[in-house]
Amino acid sequence: MNLECKHVWEQISGYLDKQLDPEMLAAVERHLESCEICSAVLDSTRNILVLTADERTYELPVGYSRRLHQRLTAVIAGDETGGR
Amino acid sequence: MKTATANEAALIARILAGERELFHELIRPYEKLVYVTVFAIVKNEAEAEDGAQETVISAYRNLKSFRGEAKFSTWLVTIAMNEARKRLRKAKSAAEDSLDEPIGNSEGDYTPAVLTDWREIPLEALQRKELKEKLREAVGMLPEKYREVFVLRDMEELNQEETAAALGINVTLVKVRLHRARMMLQKMLAPYLKSQAPARGGFFRRWFQ
């Protein structure tokens, strides 16, 4: 199976998630070996996912945790006194 | 991992048996997960914080209904996603119908940004902080149905089945939308991720050392 670039792009997500069937995987890998453009598309997509999974990408507002637990304390206390 | 789940199950049992204050402890590891899930959808800090609080309180009140078939974190993310969707819907009906229409409707014809210019941007020009900001912006620009799938799969790392269940769609649609979301992000962010081809993955390996 010989793939054109645009067909490889359709498989990038499946490739990154390791969901391609063996035949497709082999064809994609063969294409990637010789195609700098598709390799770069793959790399940049992968890099985005690495960055996305980095927990430092999103930050919490200052005091978030304190306010959350304060609210929770109030809710739990309300339950314990029978109120809601 | 197993131990953490076992501890969690024990904690949940104790909370349900009346030691309610232990809910603080149960939720602590997931505070950020809840906030980030809501924030990625509603795109507003104050709204996200309110939504995160509501999520946690809702989880507390409905803890009985958590049966342990799902992971606690997955259960929590599902509540967070529903809370976020509710808030977004409210905000949308308040404003006008949004500009959130997908870019073209056929799901498969997406063209990524093709990097034909291999000149390297000096690393110092690409501060990581700036890149993270660009990523947050780009995620925020995804049409909602793609953003939801991306948040659950690639940010919160739910699996396909969990994502499908959380959003009430089928697994095939999860795959299709995730692929489009990733390709849209690739297109938006490629200019900032330029690396010399074909050093696969090399950019971040260098970056995160």
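**View 1. Chain B is built from helices.** Chain B has 10 helices and zero strands, where helices (H or I, at least four residues) and strands (E, at least two) are DSSP runs, numbered from the N terminus. Follow the sequence and you read α-α-α-α-α-α-α-α-α-α. This is a predicted model, so keep its cut-offs in mind: local features need pLDDT of at least 70, side-chain atom pairs count only at pLDDT 80 or more, and totals for chains, interfaces and linings use all residues. Residues are numbered from 1 along each chain as its sequence is written, while chains are lettered from A and ligands numbered from 1 in the order in which they are written.

View 2. Where they touch, 12 residues come from domain 1 of chain B and 12 residues from domain 2 of chain B. (Two residues are in contact if their C-beta atoms, placed from the backbone, lie within 7 Å.) On the domain 1 side, α3 and α5 (72-94) of chain B each give two or more residues. That side has eight nonpolar, three polar and one charged residues. Here Ala, Val, Leu, Ile, Met, Phe, Trp, Tyr, Cys and Pro count as nonpolar, Asp, Glu, Lys and Arg as charged, and the others, Gly among them, as polar.

**View 3. Here is the largest nonpolar core.** It has 51 residues, and B:Val38, B:Leu76 and B:Phe150 have the most contacts inside it. Domain 1 and domain 2 of chain B each supply at least three residues to this core. A nonpolar core is a set of buried Ala, Val, Leu, Ile, Met, Phe, Trp, Tyr and Cys residues joined through C-beta atoms within 7 Å. Buried means that 20 or more other C-beta atoms lie within 10 Å of a residue's own, with C-beta atoms placed from the backbone. Of the 209 residues of chain B, 34% are buried.

**View 4. Zoom in on B:Val38.** Leaving out residues up to four places away in sequence, B:Val38 touches B:Ala48, B:Gly51, B:Ala52, B:Thr55, B:Ala80, B:Glu83 and B:Ala84.

**View 5. Chain B touches chain A.** Here 41 residues of chain B are in contact with 34 residues of chain A. On the chain B side, α4 gives the most, with seven residues. By class, that side divides into 23 nonpolar, seven polar and 11 charged residues.

Technical notes. A residue is buried if 20 or more other C-beta atoms lie within 10 Å of its own, exposed if 12 or fewer, and partly exposed in between; C-beta atoms are placed from the backbone. Domain bounds come from an automatic or database domain assignment.
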